[in-house]
Amino acid sequence: MPVTNATKETAALAVSSLGASVSLHTGDPGTTGANEVTGGSPAYARKTTSWTGGTSDGVVTGTAVVFDVPAGTYTHLGLWNGSTFLGGAPLSSSTGALPGQQTVTVTPTVTVS
């Protein structure tokens, strides 16, 4: 059953309202938040995003977050509410921190299509 853009936007806003803590992962986090980054100097930590509804297109965008990370390849984001893992999704492209690079910047989105 096709749904309207307004319905898609309502669903995306509902998902984004569940949590604002974002994590970075080296592989698929599955249903538990597995493969979350550790280490680095300064140490990796989850970041908080602020969600903004858009133009009734089913896409809600968060503010960009900058993670402190060790060198490696990062493939997924996770969404958390406190210590409860809500879900994850692949990055639009794998992001690697090059030797000597200590940050990765991502802009999280929730898309309902």
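**Exposure, helix and strands**

With a relative accessibility of 38%, Leu86 counts as partly exposed (20% to 50% relative accessible area; under 20% is buried and over 50% exposed, with a 1.4 Å probe and protein chains only). The model is predicted, so local features need pLDDT of at least 70 and side-chain atom pairs pLDDT 80 or more, while totals for chains, interfaces and linings use all residues. Residues are numbered from 1 along each chain as its sequence is written, and side-chain values use heavy atoms, without hydrogens or water.

Leu86 sits in strand β7, residues 84-97 (strands are DSSP E runs of at least two residues, helices H or I runs of at least four, numbered from the N terminus). Another partly exposed residue is Gly40, at 33% relative accessibility. Gly40 belongs to the loop that links β1 (21-25) with β2 (47-48). From Gly40 to Thr61 is 21 residues in sequence, and 27 Å in space between their C-alpha atoms.

Lys8, Glu9, Ala12 and Ser16 are the buried residues of α1. Viewed down the α1 axis, these buried residues fall within an arc of 100° and so line one face of the helix (the arc uses directions from the axis to the C-beta atoms).

Turning to β8, residues 103-106, Val104 and Val106 make up its covered face, while Thr103 and Thr105 are on the uncovered one. Strand β5, residues 65-68, runs antiparallel to β8 and is joined to it by 4 bridges (pairing takes at least two DSSP bridges). Val106 of β8 is the bridge partner of Val65.
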